[in-house]
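Hello,

My notes on what turned up follow just below it.

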Amino acid sequence: MDELIDEIENIVKVCAKQIINIKQETIKIDNKEGVGNIVTQYDKKIQEELKAELLKLLPEANFIGEENDYGEILETGYTFIVDPIDGTTNFSRNLSLSAISVALLKDAEPYIGVCYNPYIDEMFVAQKGKGAYLNGESINVSNKKLHEGIVLTGNAPYYADMREKSLITLKNFAQIASDFRRFGSAVIELCNIACGRAEVYFELKLQPWDYAAGMLIVEEAGGKVTQMNGEKMTFDKPTSILASNNVEDYFKYLQ
Ligand code: 2AM
Ligand code: CA
């Protein structure tokens, strides 16, 4: 594995300490565009710290971060795509279900993914073609079929016009699956697919920083990640997502 992974892991772990150490009452919430789209001073602070340290590692890289830091994706060279706190709503409500996500694209394709859930000290990493790992142990998607499996869902609550379709899609899956869960962090949902804790995850609309790292971890763990229409994921604009253990054709459960 590229030693860049160890260096990125160390940067992420240091930045993540403040997520679990903050005093809930110090959180200041601002609203962004859309319904329920919030940001705290910690999202911005952690993004600035991550950016400073990651660009020391790769000064020639471009940087894209959820909190208003939108560089270009380099067609040739490195581009970081970072979500400083994925699951901001969970973070603001002390639900202990958030993660830091750092993707490093090489020539506009995912090359390294690092996702860290500091609440339970779970560090998921992957490098293109080199497999996926959880705290150093190799991981694989499950081999369960949907009827004995768990569906993870995002219901894109931020986009009122998608709510009905999200719930109908969840119903289509939930009528077959053994059960469903909703963690409120695309990164945590994707990493749970990668290590075989659940079988399929869908969300009607996510931003590239929500999935750029987690999708590589799922793919390197033997899973499949596409848009809900089967097309390749995009990194320059938001898209829907269907991530699975690739054990069956899950498209048949979609609208
Ligand atoms: P965030 O917490 O970093 O914003 C939950 O459904 C998932 O949706 C989370 O990963 C959340 O990321 C993401 N998400 C995507 N678009 C969002 C939006 N407009 N508002 C809030 N969360 C959004
Ligand atoms: Ca975020």
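**Salt bridges and the ligand site**

The structure, which is a predicted model, holds 14 salt bridges. One of them joins the side chains of Lys44 and Asp30, with 3.3 Å from N to O. Lys44 belongs to helix 2 (residues 41–57) and Asp30 to strand 1 (residues 29–31), so this pair ties together parts that are 14 residues apart in sequence.

Now to the ligand. Where does ligand 1 sit? You will find ligand 1 in the largest pocket. The shell around ligand 1 is made up of 16 residues, and the closest are Asp86, Gly87, Tyr158, Arg182 and Glu203. By type, that shell divides into six charged, five polar and five nonpolar residues.

Which strands each supply at least two residues of this shell? They are strand 5 (78–86) and strand 13 (200–206). Strand 5 gives the largest share, with three residues.

- Arg182: an N or O atom of its side chain is 2.6 Å from an oxygen atom of ligand 1.
- Tyr158: a polar atom of its side chain lies 2.8 Å from an oxygen atom of ligand 1.
- Asp210: here the distance from a polar side-chain atom to an oxygen atom of ligand 1 is 3.3 Å.

How much of the area that ligand 1 exposes when taken alone does the protein bury? Ligand 1 by itself exposes 470 Å², and the protein buries 96% of that.

If you begin with the ligand, Tyr158 and Arg182 are both among the closest residues, and strand 5 is the element to show with them, as the source of the largest share of the shell.

Best wishes

Notes
Residues numbered from 1 in each chain as written. Chains lettered and ligands numbered in written order. Predicted model: local features only at pLDDT ≥ 70, side-chain atom pairs only at ≥ 80, totals over all residues. Heavy atoms only, no water. Near = heavy atom within 4 Å. Polar contact = N/O pair within 3.5 Å; in protein donor to acceptor, adjacent residues only side chain to side chain. Areas by Shrake-Rupley, 256 points an atom, 1.4 Å probe, with all protein chains shown as cover. 1 Å grid on protein atoms, 1.4 Å probe; cavity = no way out; pocket = protein on both sides within 12 Å on 5 of 7 lines; lining within 4 Å. Sits in = over half its atoms within 2 Å of the grid points. Helix = DSSP H or I, 4+ residues; strand = E, 2+ residues; numbered from the N terminus. Nonpolar A, V, L, I, M, F, W, Y, C, P; charged D, E, K, R; others polar. Salt bridge = Lys/Arg side-chain N within 4 Å of Asp/Glu carboxyl O.
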